[in-house]
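Here are some notes for a colleague who wants to look at helix packing and at a few individual side chains. The points can be read beside the coordinates.

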Amino acid sequence: MAKLGTLFLVPNTLGNEGRIEQLPWVLPAETIACASKLKHWIVEDAKTARALLKAIDSASPLACTIQEMHMSEWRGAARNAKYGDSIKPADLLKPLLAGNDMGLMSEAGVPGVADPGAELVLAAHKLGAQVKPLVGPSSILLGLMASGLNGQRFAFQGYLPHDVHERTSKLKQLETESRKLQQTQIWIETPYRNTAMLMACINSLSPQTQLCLGVDLSLPSEMIATLSIAEWRKRYPNEAACASLQNRPTVFLLLA
């Protein structure tokens, strides 16, 4: 039986601007060198992937042009099915069976974490292929590192409900669990809902609960602050006051 290729999990930058300038800060030289050698890719978004590869090319010349690469998009089985796409993870991983190494790239951050790439990683394991994670930025871990909250016990919750009442109920549930388990609760939000999420936290959580916001992590505009809900209320008394946070990638962390 022919030797299977390796699936390399290639991290992406956390922001779209200044990728060339960001690269040496967020991706080790070995990660950049490894990514530059790959010709077969599965990516969440081809446009974002091409932008990162162009930046990588400036630091370590690509093995072939981007146009010559084999690049497929994968946004998750559920989302693909919604749009009538019946392709399966194993179909995208066929180059591995022919002995070709492949790269898996998220739209931002590390593949497989809050990312549909996890389905492809599992499929690669089922094929018996080697999976090789490469070092790069994770907004979840960067936020936890910088929060000062409990780094021994934590849980990532993904996205919270969009409905106002469901979101409030979920926040109170996370606060109760955090207090009971002394566990940091971590979640992310679509950037254009940042101000609504922050105001929901301010209006529904206990004054003494600690809340950290990690905004634009790893970018020049990065802002990280951990305050009690009472202190956040003073800083942002209304939605207009926190307009500067809107449309900026943010990680939320809570410890009751």
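At what angle do helix H1 and helix H3 pack, and how far apart are their axes?

1. The structure is a predicted model, and the points below should be read with that in mind. Helix H1, which covers residues 19–26, packs against helix H3, which covers residues 46–59, at an angle of about 70°, and their axes are 9 Å apart. Angles of 65 to 115 degrees count as roughly perpendicular, and H1 and H3 are therefore described as roughly perpendicular to each other.

2. On the H1 side of this contact are Arg19, Ile20 and Leu23, which meet Thr48, Ala51, Leu52, Ala55, Ile56, Ser58 and Ala59 of H3. Sorted by residue class, the contact of H1 with H3 comprises seven nonpolar residues, two polar residues and one charged residue.

3. The crossing in which H9 passes H10 is right-handed.

4. The residues that H9 brings to this contact are Arg167, Thr168, Leu171, Lys172 and Glu175, and they meet Ala196, Met197, Ala200, Cys201 and Ser204 in H10. The residues of the contact of H9 with H10 divide into five that are nonpolar, two that are polar and three that are charged.

5. The side chain of Glu175 is joined to that of Thr209 by a polar contact of 2.5 Å. Leaving aside residues up to four places away in sequence, Glu175 touches Ser204, Leu205, Ser206, Thr209, Leu254 and Ala256, and Ser204 is also one of the H10 residues in the contact with H9.

6. Leu142 lies in helix H8, which spans residues 139–147, and with a relative accessibility of 27% it counts as partly exposed. Although Leu142 and Gly214 are 72 residues apart along the chain, their C-alpha atoms are separated by 8.2 Å. When residues up to four places away in sequence are not counted, Leu142 touches Leu14, Pro137, Leu217 and Ser218.

Terms used:
Residues are numbered from 1 along each chain as its sequence is written. This is a predicted model: local features need pLDDT of at least 70, side-chain atom pairs count only at pLDDT 80 or more; totals for chains, interfaces and linings use all residues. Side-chain values use heavy atoms; hydrogens and water are left out. A crossing is left-handed if the near helix is turned anticlockwise from the far one by less than a right angle, and right-handed if clockwise. Helices (H or I, at least four residues) and strands (E, at least two) are DSSP runs, numbered from the N terminus. Contact means heavy atoms within 4.5 Å. Ala, Val, Leu, Ile, Met, Phe, Trp, Tyr, Cys and Pro count as nonpolar, Asp, Glu, Lys and Arg as charged, and the others, Gly among them, as polar. A polar contact is a pair of N or O atoms within 3.5 Å; within protein, one must be able to donate a hydrogen and the other to accept it, and residues adjacent in sequence count only if both atoms are side-chain atoms. Buried means under 20% relative accessible area, exposed over 50%, partly exposed in between (1.4 Å probe, protein chains only). Axes are lines fitted to C-alpha atoms, for helices over the stretch in contact, and angles run from 0 to 180 degrees between N-to-C directions. Angles under 35 degrees count as roughly parallel, over 145 as roughly antiparallel, 65 to 115 as roughly perpendicular and the rest as oblique.
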